[in-house]
Amino acid sequence: MGLKEVIIDLFQLDKDWTTRMVMAMLVLGVVWGLLGVIDSLMVRTVEASWGLGANLVLTPQEYYAGITLHAERDLFGFAQQVIYAIFIYFTIKLLNIQPRAKWLLGLGFILINISMMFMEGPILIIPASGFDNYFSATIWYYLSPLGIPGYSMYVASPLFFWGWIFLDAFTYIDGFWIVYHYYLASKNMKEKLPVPLVYFLMVTLMFMIGYSGVTAADVWDILAFYHVIGLDPIANQIAFWIFGHSIVYMAWVPAVGALYLFIPLLANRPLYSDRMARVSALLYLIFSNNVPIHHLYMVNLPVELKILQEILTYSVVVPSMMTFFNLWATARGANVNFNVLTAWIVTSFAGAIGAGVTGISNATVSFDAIIHNTDWVVGHFHAMILWSIVPAAFAVLYVMISMMSGKLWFSRGLAWLHYIGYMIGTALLIVGFELIGFYGIVRRAMIYPRVPGLVDAEVMATAGALIADIATLAWALNLVLTLVRGRNARLEGLSLPQIAGVVAMSLEWPSNISLPITSELVKIARKAMSPMIGMSIFGAILIVISAFILALAGNIYTPQAWLWIGMLTIGIILAAIGSLKGMKSI
């Protein structure tokens, strides 16, 4: 196979226009995502090396640039571009309409990828005193008027601000394109939109509503940069952060749409309550955008306004509770096969609940005063991203790539290696972040007190990031191999549930990986005891092991203490349920 054939397969250049456009967005999105992963590893390396040896392997400028480049590349270049690509593909394919105004979508694709280049630097424009061409460290500080001449001694390149304008333009150009095609489809529809498409449409509207404030702030910044108008920093900051809370839901609610898409498919059942799902979509759209100072509790603003924002933030819990009950009721009692799709969807469902609980605590003004701007907050939103948003995206992509390419995934083993490695790594990363936050370390702290428990938490987070990233590289390798050398599948004419079923079957847990001795031992164990009794014995073993972990920890102010209490709790639960249910007591 020559280079030309590889490029054709990689970008799906022999397919229809929609597939080609979406694949271009996915490929560029993955490229930005991998670059953002490298940025995050730079940051983790700095913090771990400081803890282990008091060494700073990067300059402060490079360190802070790594943080902010990680944010903008992974959140915008990767996540937002991939989310829009998924929406575009399913809008056209599931509604069975022909795409119009193709040039507009092409323009949006160009703008978002140029915006990433403009935001990051270093690009030499003005070699003047106080001017910083390596301005990527500015991006995530939202400290207007930082970087604007006449308002700040530190001046950033205007390309930084123009990069934001191009990102805003992409959001509205592609957003209007998607909404327009929903409108075209609605004119010939006799029934309501399917629930997953309702969520895709709703999130597109959420993007455009949520970006209203940041677009206003960006235009304001540009005009102030060129001294056209003046600047009010607090008002500008509040306008920017209309986007700040809704961006969480712009990124997460697509995962909810994926759950509504896949849980009924995997359970082979209709959704428990169609109406509840549609009402939840409306409530998400309302309550995700009206909390512009949710992240500004520590700013000098009226207390009454902060309390109102606290109440409105709690309101988001209502559609979430409705959603999780609806999806749980749909899957309850269903006979679901265990495969990679099931694993990612279950992870996304459970991860959203776990990460959401920490979000409720962040919304409480009194608690936020303690953990505000610490790594606890970083742990919270990374839990939501890594345990709910990304797992749902992987589930969608595993099916969507096969739909687009007509090929089954190259390696089932690589798919499972990806999932297992990713989950181990992200668990270490998130727990590490939250432990660092409990120590009171603020986010973006390049140096910190080198006390044993804190150093352990930093190293844990770094090790977790490395494990998760290596596992994700296994997915990227599997993706390329699938597009170039994957097995052809006869998917033409099949419905989405049928395609998902074919992909799921090809990615089931390999049942033939076992040693003969192990198999015989399992047979003997099954005859000797019921599964429930076996579970209770396993729980008892965990309880015993947890005591050794506590003894070896040395003191209670270490990560081992959390491992002890976690293992002890799991052991107690398994022993209690297994023993009582195994002896038919419950």
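This short talk goes through salt bridges, nonpolar cores, one serine and one surface patch in a predicted model.

Some ground rules before I start. The model is predicted, so local features need pLDDT of at least 70 and side-chain atom pairs count only at pLDDT 80 or more, while totals for chains, interfaces and linings use all residues. Residues are numbered from 1 along each chain as its sequence is written, and side-chain values use heavy atoms, with hydrogens and water left out.

Salt bridges come first. By that I mean a side-chain nitrogen of Lys or Arg within 4 Å of a carboxyl oxygen of Asp or Glu. How many salt bridges does the structure hold? There are 6.

Take K15, which pairs with D14; their closest N and O atoms are 3.5 Å apart. K15 is partly exposed, at 26% relative accessible area. On that scale, buried is under 20%, exposed is over 50%, and partly exposed is in between, using a 1.4 Å probe and protein chains only.

D16 bridges to K93, with the closest N and O atoms 3.3 Å apart. This pair links distant parts of the chain: D16 is in the loop between helix 1 (3-11) and helix 2 (17-53), K93 is in helix 3 (residues 60-95), and 77 residues separate them. Helices here are DSSP runs of H or I with at least four residues, numbered from the N terminus. Both partners are partly exposed, D16 at 36% and K93 at 33%.

Then there is D39 with R73, at 2.7 Å from N to O. This bridge also connects distant parts of the chain, from D39 in helix 2 to R73 in helix 3, 34 residues apart. Are these two buried or exposed? D39 is buried at 4%, and R73 counts as buried at 11%.

Finally for this part, R44, E47 and E458 are joined in a network of salt bridges.

Now the inside. A nonpolar core is a set of buried Ala, Val, Leu, Ile, Met, Phe, Trp, Tyr and Cys residues joined through side-chain atoms within 4.5 Å. The largest one has 149 residues, and L26, W252, V253, Y284 and Y398 have the most contacts inside it. Which helix gives the most to this core? That is helix 14 (residues 375-405), with 17 residues.

Leaving out residues up to four places away in sequence, Y284 touches several others, including Y199, W252, V316 and T323. Contact means heavy atoms within 4.5 Å.

Next, one serine. S348 lies in helix 12 (residues 340-363) and counts as buried, at 0% relative accessibility. Its neighbours beyond four places in sequence are A255, L259, W387, S388, P391 and A392. With S388 there is a further detail: the S348 side chain reaches the backbone oxygen of S388 at 2.8 Å. The C-alpha atoms of S348 and I389 are 6.7 Å apart, although 41 residues separate the two along the chain.

Last, the surface. W162, V219, L223, Y226, V228 and I229 make a nonpolar patch of about 500 Å². Patch residues have over 30% relative accessible area and no salt bridge; nonpolar side chains are joined within 5 Å, like charges within 9 Å. Among the members, V228 sits in the loop between helix 6 (195-225) and helix 7 (233-240), and V228 is exposed at 55%.

Terms used: Helices (H or I, at least four residues) and strands (E, at least two) are DSSP runs, numbered from the N terminus. A polar contact is a pair of N or O atoms within 3.5 Å; within protein, one must be able to donate a hydrogen and the other to accept it, and residues adjacent in sequence count only if both atoms are side-chain atoms. Accessible areas come from the Shrake-Rupley method with a 1.4 Å probe; for residues, only the protein chains shown count as cover.
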